[in-house]
Amino acid sequence: QLLVLALVPLLLLLLLVCSCALEITSQIKYYYVAGDSSVTLQCEFVLASDNLAHTEIEWIIVPPDRDKDEDVIIWYTGGIIYDNLYGPLKQRVHFTSPEPQDGIASITMTDLKHTDSGTYQCKVKKLPDIANKNLFLSVMKRPSKPECSVERQAVAGRDLRLRCRSSQGTPPLLLLLLLLFLLMFFLLLFHLLLLLLPLLLQLLVLLLELLLLLLHLLLQLPLLLLDLLLLLLL
C-alpha cells in the first residue's frame with residue numbers, strides 16, 4: 001500500500017505531462033499541383049491543455065543533402081510574422097490565418113515554379129513541447145504548346161494520322177506511378193535473388209557433382225565391358 005501511495009504523485013505528474021503534449025493533426029502529406037498555380041500546405045495543431053508559453057512557428061525547406069543548412073521560409077514568433085526570409089519565395093508565401101498561434105499554421109504558396117518542389121517541414125514550438133511534420137510538394141510543369149505534324153499526305157477517303165508532341169512538361173502522374181511500380185518490382189526481384197542465391201549456388205554445386213559422377217561412370221564403362229568380355233572368353 002505504501003508503494004502504491006508513493007507512485008500516485010508520479011502517475012499524476014505523468015498524466016499532467018501527457019496532457020500538455022503538442023500535436024499536429026493535419027493528415028495530408030503529399031501535394032501534386034501544376035505550375036503557376038497556388039497550394040496550401042496544411043499544418044493544424046492542438047494542445048491538450050492550456051500552455052502559457054508563447055507559440056513559435058517556422059516552416060523550413062528540408063534539403064536533400066542532410067549536411068546542408070535548412071532554409072527558413074516563414075517564421076512566427078512573439079506575435080510577429082517574418083515572411084521575407086527566403087529569396088526564391090519572397091512575397092509568394094504567407095500564413096493562411098492572420099493568427100497562426102491559434103492552431104492553424106498552414107501556409108499558402110503562390111505562383112508556383114517547378115523549382116519549388118521539395119520537402120517542407122512545419123515546426124510548432126510551445127515550450128516545453130515541440131512538434132513537426134514533413135510535407136512533400138511536387139510542382140508539375142505545364143505542357144508547352146504542342147507541335148503537330150502529318151505522317152503522310154492527306155488523301156480523300158483514307159485515314160490520316162496526326163502526331164502532336166510537347167517539348168516541355170511533367171510526364172503524366174500515371175506514367176510516374178507506373179515507373180515507380182516497375183522500380184519497386186525490380187528491387188523486390190533483386191532482393192529475392194539475393195535471398196535465393198545461396199540455395200542456387202548449392203544446387204549448382206550438386207549438379208556439377210552429378211555431372212562429374214556421370215562422366216566418371218562413362219569413363220569406367222569401357223573398362224567394365226572389357227573385363228566382362230575377358231571373363232566370358234575364359
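Student: Which strand gives the largest share of the lining of the largest pocket?

Tutor: The model is predicted; local features need pLDDT of at least 70, side-chain atom pairs count only at pLDDT 80 or more, and totals for chains, interfaces and linings use all residues. Residues are numbered from 1 along each chain as its sequence is written, and side-chain values use heavy atoms, without hydrogens and water. Strands are DSSP runs of E, at least two residues, numbered from the N terminus, and those giving two or more residues to this lining are strand 5 (56-62) and strand 10 (118-126). The largest share, three residues, comes from strand 10.

Student: Which residues lie closest to the centre of the largest pocket?

Tutor: A pocket is an open set of points on a 1 Å grid over the protein atoms alone, where a 1.4 Å probe fits, with protein on both sides within 12 Å along at least five of seven lines; lining residues have an atom within 4 Å of a point. Of the 16 lining residues, the closest to the centre are I61, D71, Y86, T115 and S117.

Student: Why is the pair F185 and F186 edge-to-face?

Tutor: Rings of Phe, Tyr and Trp (its six-membered ring) pair if their centres lie within 6.5 Å; planes under 30 degrees apart count as stacked, over 60 as edge-to-face and the rest as tilted. Three aromatic pairs are counted by this rule. For F185 and F186 the centres are 5.6 Å apart, and the pair is edge-to-face because the planes lie at 70°.

How values were computed
Helix = DSSP H or I, 4+ residues; strand = E, 2+ residues; numbered from the N terminus.
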